[in-house]
Amino acid sequence: MGMELFILMLIAFMLAASLIAIETRDLLSSVIAMGAVGFALSVIDLLAGAPDLAITQVVVEVVSLILLVRVVTAREETQPVPSDALRTAVTLLAGGIFLAVAFFAFGGAGGGATVPPFGQPVLTSANPGVSADYLARTAEQTGASNVVMAIVLDYRAYDTLGEATVIFVSILGAYAILRRVGRRKEARA
Amino acid sequence: MGIAIYLLTFAILLAGLYAVVAKKNVVKIIVGAAILDYAVNLFLVLIGWRTVSTAAGAEGGAAPILAAGQSGRQLLASAVDPLPQALILTSIVIALGVTALMVALALRLHEKYGTFDLENIRRLRG
(Lines give C-alpha, C1' and ligand atoms only; values in the text may rest on other atoms or scores of the structure.)
Protein backbone atom coordinates (compact mmCIF):
# COMPACT_ATOMS: atom_id res chain seq x y z
CA MET A 1 0.00 0.00 0.00
CA GLY A 2 2.81 2.37 0.88
CA MET A 3 4.47 1.74 -2.47
CA GLU A 4 1.22 2.36 -4.34
CA LEU A 5 0.76 5.67 -2.55
CA PHE A 6 4.31 6.67 -3.46
CA ILE A 7 3.71 5.78 -7.12
CA LEU A 8 0.45 7.75 -7.05
CA MET A 9 2.35 10.79 -5.77
CA LEU A 10 5.00 10.41 -8.47
CA ILE A 11 2.29 10.23 -11.14
CA ALA A 12 0.70 13.38 -9.70
CA PHE A 13 4.12 15.02 -9.98
CA MET A 14 4.35 13.89 -13.61
CA LEU A 15 0.92 15.39 -14.31
CA ALA A 16 1.88 18.70 -12.70
CA ALA A 17 5.19 18.83 -14.60
CA SER A 18 3.49 18.06 -17.91
CA LEU A 19 0.93 20.81 -17.36
CA ILE A 20 3.77 23.23 -16.62
CA ALA A 21 5.63 22.01 -19.72
CA ILE A 22 2.57 22.63 -21.86
CA GLU A 23 1.39 25.93 -20.45
CA THR A 24 4.58 27.85 -19.60
CA ARG A 25 5.51 30.70 -21.91
CA ASP A 26 9.26 30.19 -21.89
CA LEU A 27 10.21 27.41 -24.27
CA LEU A 28 13.38 26.48 -22.34
CA SER A 29 11.36 26.01 -19.12
CA SER A 30 8.87 23.96 -21.10
CA VAL A 31 11.57 21.61 -22.37
CA ILE A 32 13.12 21.23 -18.92
CA ALA A 33 9.72 20.48 -17.33
CA MET A 34 9.31 17.77 -19.98
CA GLY A 35 12.64 16.36 -18.77
CA ALA A 36 11.25 16.26 -15.22
CA VAL A 37 8.31 14.18 -16.47
CA GLY A 38 10.70 11.69 -18.08
CA PHE A 39 12.94 11.35 -15.04
CA ALA A 40 9.92 10.82 -12.75
CA LEU A 41 8.79 8.08 -15.15
CA SER A 42 12.22 6.48 -14.78
CA VAL A 43 11.85 6.46 -10.98
CA ILE A 44 8.41 4.85 -11.30
CA ASP A 45 9.90 2.17 -13.58
CA LEU A 46 12.49 1.42 -10.94
CA LEU A 47 9.84 1.09 -8.22
CA ALA A 48 7.57 -1.03 -10.40
CA GLY A 49 10.14 -3.76 -10.92
CA ALA A 50 11.49 -2.62 -14.29
CA PRO A 51 15.17 -1.68 -13.82
CA ASP A 52 15.97 -2.15 -17.54
CA LEU A 53 13.29 0.37 -18.46
CA ALA A 54 14.56 2.83 -15.85
CA ILE A 55 18.08 2.76 -17.30
CA THR A 56 16.88 3.09 -20.90
CA GLN A 57 14.48 5.88 -19.97
CA VAL A 58 17.25 7.94 -18.33
CA VAL A 59 19.56 7.59 -21.34
CA VAL A 60 16.82 8.42 -23.86
CA GLU A 61 15.64 11.33 -21.72
CA VAL A 62 19.11 12.89 -21.57
CA VAL A 63 19.56 12.58 -25.35
CA SER A 64 16.15 14.05 -26.21
CA LEU A 65 16.66 16.86 -23.68
CA ILE A 66 19.96 17.76 -25.36
CA LEU A 67 18.25 17.78 -28.77
CA LEU A 68 15.35 19.97 -27.58
CA VAL A 69 17.54 22.40 -25.61
CA ARG A 70 19.63 22.74 -28.77
CA VAL A 71 16.50 23.72 -30.72
CA VAL A 72 15.23 26.15 -28.12
CA THR A 73 18.46 27.97 -27.33
CA ALA A 74 19.79 28.25 -30.86
CA ARG A 75 16.67 30.06 -32.07
CA GLU A 76 15.16 33.28 -30.88
CA GLU A 77 11.48 32.98 -30.22
CA THR A 78 10.07 35.05 -27.40
CA GLN A 79 6.55 35.81 -28.52
CA PRO A 80 4.05 33.67 -26.64
CA VAL A 81 1.94 31.58 -28.96
CA PRO A 82 -1.64 31.14 -27.70
CA SER A 83 -3.54 27.93 -28.24
CA ASP A 84 -6.58 27.59 -30.45
CA ALA A 85 -9.81 28.11 -28.42
CA LEU A 86 -12.01 25.83 -30.53
CA ARG A 87 -9.49 23.01 -30.51
CA THR A 88 -9.01 23.43 -26.76
CA ALA A 89 -12.75 23.04 -26.21
CA VAL A 90 -12.94 19.98 -28.45
CA THR A 91 -9.97 18.38 -26.66
CA LEU A 92 -11.51 19.03 -23.24
CA LEU A 93 -14.79 17.45 -24.38
CA ALA A 94 -13.02 14.42 -25.86
CA GLY A 95 -10.89 14.13 -22.73
CA GLY A 96 -13.93 14.13 -20.47
CA ILE A 97 -15.61 11.39 -22.50
CA PHE A 98 -12.35 9.39 -22.51
CA LEU A 99 -11.93 9.60 -18.74
CA ALA A 100 -15.57 8.61 -18.14
CA VAL A 101 -15.24 5.56 -20.40
CA ALA A 102 -11.96 4.61 -18.68
CA PHE A 103 -13.63 4.97 -15.26
CA PHE A 104 -16.34 2.48 -16.18
CA ALA A 105 -13.96 0.14 -18.04
CA PHE A 106 -11.87 -0.22 -14.89
CA GLY A 107 -14.96 -0.99 -12.80
CA GLY A 108 -15.08 2.38 -11.07
CA ALA A 109 -18.85 2.33 -10.62
CA GLY A 110 -18.82 -1.06 -8.92
CA GLY A 111 -19.65 -2.99 -12.10
CA GLY A 112 -17.50 -5.75 -13.56
CA ALA A 113 -14.14 -4.48 -14.78
CA THR A 114 -13.29 -5.32 -18.36
CA VAL A 115 -9.59 -4.75 -17.70
CA PRO A 116 -7.55 -6.68 -15.10
CA PRO A 117 -7.58 -4.72 -11.81
CA PHE A 118 -4.46 -2.91 -10.65
CA GLY A 119 -1.98 -5.25 -8.97
CA GLN A 120 -3.29 -8.40 -10.68
CA PRO A 121 -1.78 -8.64 -14.17
CA VAL A 122 -2.97 -11.21 -16.72
CA LEU A 123 -0.06 -13.31 -15.45
CA THR A 124 -1.91 -14.10 -12.22
CA SER A 125 -5.31 -14.84 -13.80
CA ALA A 126 -6.74 -18.29 -14.52
CA ASN A 127 -5.53 -18.06 -18.12
CA PRO A 128 -2.04 -16.60 -17.68
CA GLY A 129 -0.98 -16.55 -21.30
CA VAL A 130 2.58 -16.43 -22.53
CA SER A 131 4.08 -14.27 -19.75
CA ALA A 132 3.89 -17.07 -17.16
CA ASP A 133 5.65 -19.39 -19.57
CA TYR A 134 8.41 -16.87 -20.14
CA LEU A 135 8.95 -16.44 -16.40
CA ALA A 136 8.95 -20.14 -15.60
CA ARG A 137 11.03 -21.46 -18.49
CA THR A 138 13.42 -18.69 -19.59
CA ALA A 139 16.35 -20.14 -17.65
CA GLU A 140 16.12 -23.60 -19.20
CA GLN A 141 15.20 -22.40 -22.70
CA THR A 142 17.65 -19.53 -23.17
CA GLY A 143 20.10 -19.62 -20.25
CA ALA A 144 19.45 -15.94 -19.53
CA SER A 145 18.73 -14.77 -16.00
CA ASN A 146 17.04 -11.53 -17.02
CA VAL A 147 13.62 -12.45 -18.42
CA VAL A 148 13.00 -9.07 -20.08
CA MET A 149 16.27 -9.26 -21.97
CA ALA A 150 15.56 -12.88 -22.92
CA ILE A 151 12.26 -11.74 -24.47
CA VAL A 152 13.86 -8.81 -26.30
CA LEU A 153 16.93 -10.64 -27.59
CA ASP A 154 15.88 -14.31 -27.84
CA TYR A 155 12.12 -14.83 -28.10
CA ARG A 156 11.39 -11.69 -30.07
CA ALA A 157 14.73 -10.97 -31.69
CA TYR A 158 13.11 -10.09 -35.03
CA ASP A 159 11.13 -7.32 -33.30
CA THR A 160 14.40 -5.94 -32.00
CA LEU A 161 15.94 -6.10 -35.46
CA GLY A 162 12.96 -4.10 -36.73
CA GLU A 163 13.44 -1.58 -33.91
CA ALA A 164 17.10 -1.14 -34.86
CA THR A 165 15.98 -0.56 -38.46
CA VAL A 166 13.47 2.10 -37.38
CA ILE A 167 16.13 3.92 -35.34
CA PHE A 168 18.59 3.78 -38.22
CA VAL A 169 16.04 5.09 -40.74
CA SER A 170 14.87 7.92 -38.46
CA ILE A 171 18.42 9.10 -37.78
CA LEU A 172 19.12 8.89 -41.52
CA GLY A 173 15.96 10.93 -42.15
CA ALA A 174 16.99 13.58 -39.60
CA TYR A 175 20.39 13.79 -41.28
CA ALA A 176 18.81 14.13 -44.73
CA ILE A 177 16.54 16.94 -43.49
CA LEU A 178 19.34 18.87 -41.75
CA ARG A 179 22.25 18.45 -44.16
CA ARG A 180 23.57 21.41 -46.09
CA VAL A 181 25.74 19.65 -48.65
CA GLY A 182 23.93 18.92 -51.90
CA ARG A 183 20.89 21.03 -51.10
CA ARG A 184 19.68 23.31 -53.87
CA LYS A 185 19.95 27.02 -53.16
CA GLU A 186 16.62 28.29 -51.89
CA ALA A 187 15.03 31.26 -53.62
CA ARG A 188 15.11 34.21 -51.23
CA ALA A 189 11.77 36.02 -51.19
CA MET B 1 -6.22 3.31 -5.21
CA GLY B 2 -5.65 1.38 -8.43
CA ILE B 3 -8.29 3.25 -10.38
CA ALA B 4 -6.94 6.61 -9.17
CA ILE B 5 -3.50 5.65 -10.48
CA TYR B 6 -4.90 4.68 -13.88
CA LEU B 7 -7.04 7.81 -14.17
CA LEU B 8 -4.08 10.08 -13.33
CA THR B 9 -2.09 8.29 -16.02
CA PHE B 10 -4.86 8.98 -18.52
CA ALA B 11 -4.90 12.62 -17.39
CA ILE B 12 -1.22 12.88 -18.38
CA LEU B 13 -2.08 11.29 -21.73
CA LEU B 14 -4.86 13.84 -22.27
CA ALA B 15 -2.51 16.71 -21.37
CA GLY B 16 -0.14 15.52 -24.09
CA LEU B 17 -3.02 15.14 -26.54
CA TYR B 18 -4.19 18.67 -25.76
CA ALA B 19 -0.72 20.05 -26.52
CA VAL B 20 -0.54 18.20 -29.82
CA VAL B 21 -4.00 19.29 -30.97
CA ALA B 22 -4.40 22.84 -29.65
CA LYS B 23 -0.92 24.37 -29.43
CA LYS B 24 0.46 26.42 -32.30
CA ASN B 25 4.13 26.34 -31.40
CA VAL B 26 6.13 23.56 -33.00
CA VAL B 27 8.29 23.03 -29.89
CA LYS B 28 5.17 22.72 -27.71
CA ILE B 29 3.79 20.11 -30.11
CA ILE B 30 7.02 18.09 -29.86
CA VAL B 31 6.88 18.32 -26.04
CA GLY B 32 3.22 17.24 -26.12
CA ALA B 33 4.00 14.22 -28.29
CA ALA B 34 6.78 13.21 -25.88
CA ILE B 35 4.41 13.52 -22.89
CA LEU B 36 1.80 11.41 -24.68
CA ASP B 37 4.47 8.80 -25.18
CA TYR B 38 5.48 8.83 -21.50
CA ALA B 39 1.87 8.36 -20.43
CA VAL B 40 1.38 5.32 -22.68
CA ASN B 41 4.63 3.76 -21.45
CA LEU B 42 3.63 4.44 -17.84
CA PHE B 43 0.23 2.81 -18.38
CA LEU B 44 1.82 -0.32 -19.85
CA VAL B 45 4.31 -0.57 -16.97
CA LEU B 46 1.42 -0.31 -14.51
CA ILE B 47 -0.54 -3.02 -16.38
CA GLY B 48 2.31 -5.40 -15.50
CA TRP B 49 2.48 -4.26 -11.85
CA ARG B 50 1.75 -6.97 -9.33
CA THR B 51 0.84 -6.89 -5.67
CA VAL B 52 2.36 -9.86 -3.81
CA SER B 53 1.07 -10.71 -0.34
CA THR B 54 3.86 -11.79 1.99
CA ALA B 55 4.12 -12.36 5.73
CA ALA B 56 5.01 -8.70 6.16
CA GLY B 57 1.91 -7.59 4.23
CA ALA B 58 1.24 -6.73 0.59
CA GLU B 59 4.16 -5.37 -1.38
CA GLY B 60 5.14 -4.75 -5.00
CA GLY B 61 6.30 -7.54 -7.26
CA ALA B 62 10.01 -8.18 -7.84
CA ALA B 63 11.88 -7.40 -11.05
CA PRO B 64 11.72 -10.35 -13.49
CA ILE B 65 15.39 -11.23 -12.99
CA LEU B 66 16.49 -14.61 -11.61
CA ALA B 67 18.48 -14.41 -8.40
CA ALA B 68 21.28 -16.90 -7.77
CA GLY B 69 19.80 -20.33 -7.04
CA GLN B 70 16.25 -19.20 -7.80
CA SER B 71 14.13 -21.35 -10.11
CA GLY B 72 11.73 -20.11 -12.77
CA ARG B 73 8.76 -21.40 -10.77
CA GLN B 74 9.79 -19.31 -7.76
CA LEU B 75 10.14 -16.26 -10.00
CA LEU B 76 6.64 -16.90 -11.37
CA ALA B 77 5.25 -16.56 -7.84
CA SER B 78 6.79 -13.16 -7.15
CA ALA B 79 7.81 -11.27 -10.32
CA VAL B 80 5.94 -8.61 -12.28
CA ASP B 81 4.79 -9.28 -15.85
CA PRO B 82 7.89 -9.19 -18.14
CA LEU B 83 6.06 -8.99 -21.49
CA PRO B 84 4.87 -5.34 -21.35
CA GLN B 85 8.37 -4.34 -20.19
CA ALA B 86 9.98 -5.98 -23.21
CA LEU B 87 7.60 -4.16 -25.56
CA ILE B 88 8.03 -0.78 -23.80
CA LEU B 89 11.80 -1.11 -24.15
CA THR B 90 11.28 -1.06 -27.92
CA SER B 91 8.79 1.79 -27.66
CA ILE B 92 11.12 4.03 -25.60
CA VAL B 93 13.95 3.74 -28.09
CA ILE B 94 11.66 4.34 -31.05
CA ALA B 95 10.29 7.44 -29.29
CA LEU B 96 13.84 8.80 -29.30
CA GLY B 97 14.03 8.30 -33.07
CA VAL B 98 10.67 10.01 -33.54
CA THR B 99 11.74 12.95 -31.35
CA ALA B 100 14.99 13.32 -33.29
CA LEU B 101 13.09 13.40 -36.58
CA MET B 102 10.57 15.96 -35.26
CA VAL B 103 13.38 18.15 -33.95
CA ALA B 104 15.09 18.03 -37.34
CA LEU B 105 11.86 19.06 -39.07
CA ALA B 106 11.33 21.90 -36.57
CA LEU B 107 14.86 23.20 -37.15
CA ARG B 108 14.31 23.09 -40.90
CA LEU B 109 10.96 24.93 -40.60
CA HIS B 110 12.62 27.60 -38.48
CA GLU B 111 15.43 27.89 -41.00
CA LYS B 112 12.96 28.42 -43.85
CA TYR B 113 10.31 30.61 -42.18
CA GLY B 114 12.16 32.13 -39.21
CA THR B 115 9.45 31.19 -36.72
CA PHE B 116 8.07 28.26 -34.72
CA ASP B 117 4.52 29.60 -34.96
CA LEU B 118 2.41 27.35 -37.18
CA GLU B 119 -0.06 30.15 -38.01
CA ASN B 120 2.71 32.29 -39.46
CA ILE B 121 4.18 29.32 -41.29
CA ARG B 122 0.81 28.64 -42.94
CA ARG B 123 0.48 32.31 -43.90
CA LEU B 124 3.96 32.41 -45.44
CA ARG B 125 3.40 29.42 -47.68
CA GLY B 126 3.21 29.87 -51.43
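A: Areas are Shrake-Rupley with a 1.4 Å probe, and for residues only the protein chains shown count as cover. This is a predicted model: local features need pLDDT of at least 70, side-chain atom pairs pLDDT 80 or more, while totals for chains, interfaces and linings use all residues. Residues are numbered from 1 along each chain as written, chains are lettered from A and ligands numbered from 1 in written order, and side-chain values use heavy atoms, without hydrogens and water.

Q: Which residues form the nonpolar patch on the surface?
A: Met3(A), Leu5(A), Phe6(A), Met9(A) and Met1(B). Together they have about 440 Å² of accessible area.

Q: Where does Leu5(A) lie?
A: In helix H1 of chain A, residues 2-23. Helices here are DSSP runs (H or I, at least four residues; strands are E, at least two), numbered from the N terminus.

Q: Switching to charges. How many salt bridges over all chains?
A: Three. The criterion is a Lys or Arg side-chain nitrogen within 4 Å of an Asp or Glu carboxyl oxygen.

Q: What does Glu23(A) meet?
A: Lys23(B), at 3.4 Å, N to O. Glu23(A) is in H1 of chain A and Lys23(B) in the loop between H1 (2-22) and H2 (26-47) of chain B, so the pair joins two chains.

Q: Is Lys23(B) buried or exposed?
A: Buried, at 6% relative accessible area. The cut-offs: buried is under 20%, exposed over 50%, partly exposed in between (1.4 Å probe, protein chains only). Glu23(A) is partly exposed at 43%.

Q: And which residue pairs with Arg108(B)?
A: Glu111(B), with the closest N and O atoms 3.6 Å apart. They sit three residues apart in H4 of chain B, about one helical turn.

Q: Now cavities. How many of 30 Å³ or more?
A: One. A cavity is a set of points on a 1 Å grid over the protein atoms alone where a 1.4 Å probe fits but cannot get out; lining residues have an atom within 4 Å of a point.

Q: How much space lies in the largest cavity?
A: About 40 Å³. Volume means the space filled by probe spheres set on the points, which are joined across faces, edges and corners.

Q: Which element gives the most to the lining?
A: H4(B), with three residues.

Note on methods. On a 1 Å grid over the protein atoms alone, a cavity is a set of points where a 1.4 Å probe fits but cannot get out, and a pocket is an open set with protein on both sides within 12 Å along at least five of seven lines; lining residues have an atom within 4 Å of a point. Patches are made of residues with over 30% relative accessible area and no salt bridge: like charges are joined within 9 Å, nonpolar side chains (Val, Leu, Ile, Met, Phe, Trp, Tyr) within 5 Å.
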